[in-house]
Structures are given as C-alpha cells and as structure tokens.
Amino acid sequence: MRKLIVQQWVTVDGIVADEDGGLGFVPGEPFSEKTEPAFKASVMGLVDSVDTMILGANTYAMAKDYWPYAEEQGEYGEKVNALAKVVASSKLGDAPWGDFPAATVTRDPAATIRELKEQDGKALWLWGSLTLMRSLLDAGLVDEVRMMVAPVALGKGTRLFEDRRDLKPVEATAFENGVAILRYEVKN
C-alpha cells in the first residue's frame, strides 16, 4: 500500500503561516548555487520517492502560475512539474498546470486518497494545503508528517496542529542552513 506523506514548512514554535497567512519565515528558495548539498539531497530524496502530488484548492491557486514556469528551480522544478497532480476542490472544473498534464480535480479527497493508496506506485505527497491536511489526518489517511523547521519562532500565526496528534519519530536531520527536517509517523 502506498503512503501519504505531508510536508509542511513550520517554525520552531509550530507555526505554518504568519498572521497574514504568508510564509515569510521560510529561509529563501530551496535551491541555488549556494544550497547546501545535504539539504538538497534530502529534499530531492523526497521528490524521488513520490509520483503524485496532492494539493488543496488554495495551494493550487498559489502554485499554478509559478511552478510550471519556474525554470530557475532547475531539477527540482522539473521533477515537481512531472508529478501527477490531484487538486481537492468543490468549485474547480479543471486544474491546468502550464504545458504539463493538468491535475485531476476531486470533490471527495478522502475517497480519492483511499483509491490512490490501493494502487501501485510510489508514495503520495501532500504539498502544504493545511485545511486538506487536517481533514486527511482526521480521516486517518496521513502516514507521515515531514516538517521542514525554519530556525525562527513567531509566537503568533496559524499552528500546524489544532488538536492532539500522537506521532512516532522517524528521523531528525539538521542542516548548515539552519533548517531541520523532522519526520514523524502518524499513529492512526
């Protein structure tokens, strides 16, 4: 069975969006000529382990006009754009992704994830999409939470979890750029 991996940028105090809803705490673009090789290898390892990206409607709306054209993202951007995509939305009829194959739109993301998990393939990757993440956690469909922890505390903003979640540590890696990647298995 395939697993669903959630990835979220988060501050050390558990904030995933600052008070205005932004991600100003994220320390720059993930890849440039200055990017630490170990950090890049970790991020690329995740991308190589998945074949389908899951997005909520808001994350899709923010990503669709940038990522299909993000040539400066190099190999990372190429791989992100090549992934099959599913967008959870009750309003969208279609979800184009530049010149790449359009995303599949689902009105029942839990049912779609259950079906995808039963199919052969690599892992599924939920990219951001906090509201969708929370509903999939409640449905018992999230297998792993991967937090990319930025070296900052905001004190205020939107928290990653609204209620108790029991997690099992899988891996913790700190990088020279100050980011730590924490991986947790979700106990369902």
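The dialogue below goes through some features of a predicted model.

Me: What should I know before reading the model?
Reply: This is a predicted model, in which local features need pLDDT of at least 70, side-chain atom pairs count only at pLDDT 80 or more, and totals for chains, interfaces and linings use all residues. Residues are numbered from 1 along each chain as its sequence is written, and side-chain values use heavy atoms, with hydrogens and water left out.

Me: At what angle do helix 1 and helix 3 cross?
Reply: Helices (H or I, at least four residues) and strands (E, at least two) are DSSP runs, numbered from the N terminus. An axis is a line fitted to C-alpha atoms, for helices over the stretch in contact, and angles run from 0 to 180 degrees between N-to-C directions. The axes of helix 1 (residues 37–48) and helix 3 (residues 74–82) come within 10 Å and cross at roughly 20°. Angles under 35 degrees count as roughly parallel, over 145 as roughly antiparallel, 65 to 115 as roughly perpendicular and the rest as oblique. Helix 1 and helix 3 are therefore roughly parallel to each other.

Me: Which residues make the contact between helix 1 and helix 3?
Reply: Contact means heavy atoms within 4.5 Å. Helix 1 contributes Val 43, Met 44, Val 47 and Asp 48, and helix 3 contributes Glu 75, Tyr 76 and Lys 79.

Me: Which residues have the most contacts inside the largest nonpolar core?
Reply: A nonpolar core is a set of buried Ala, Val, Leu, Ile, Met, Phe, Trp, Tyr and Cys residues joined through side-chain atoms within 4.5 Å. Buried means under 20% relative accessible area, exposed over 50%, and partly exposed in between (1.4 Å probe, protein chains only). In the largest core, of 30 residues, those with the most contacts are Phe 39, Trp 67, Tyr 76, Trp 125 and Trp 127. Among the elements that each supply at least two residues of this core are strand 1 (4–11), strand 7 (123–127) and strand 8 (144–150). Helix 1 gives the most, with five residues.

Me: What does Trp 127 touch?
Reply: Not counting residues up to four places away in sequence, Trp 127 touches Gln 7, Met 53, Ile 54, Leu 55, Thr 59, Ala 63, Trp 67, Tyr 76 and Val 80. Apart from this core lies another, of 25 residues, including Val 16, Ile 113, Leu 116 and Met 133.

Me: Is Val 149 buried or exposed?
Reply: Val 149 lies in strand 8 and is buried, with a relative accessible area of 9%. Val 149 and Trp 9 are 140 residues apart in sequence but 6.0 Å apart in space, C-alpha to C-alpha. Among the residues that Val 149 touches, beyond four places in sequence, is Thr 11. Thr 11 is found in strand 1 and counts as buried at 2% relative accessibility.

Me: Is Lys 34 buried or exposed?
Reply: Lys 34 is exposed, with a relative accessible area of 74%. The residue sits in the loop between strand 2 (15–17) and helix 1. Lys 34 and Asn 177 are 143 residues apart in sequence and 9.9 Å apart in space, C-alpha to C-alpha.

Me: What is the phi of Ser 129?
Reply: Most residues other than glycine have a negative phi. Ser 129 has a phi near 55°, a positive value in a residue other than glycine. Ser 129 lies in the loop between strand 7 and helix 5 and is buried, with a relative accessible area of 9%. Just after helix 5 (residues 130–138), Gly 140 takes a positive phi of about 75°.
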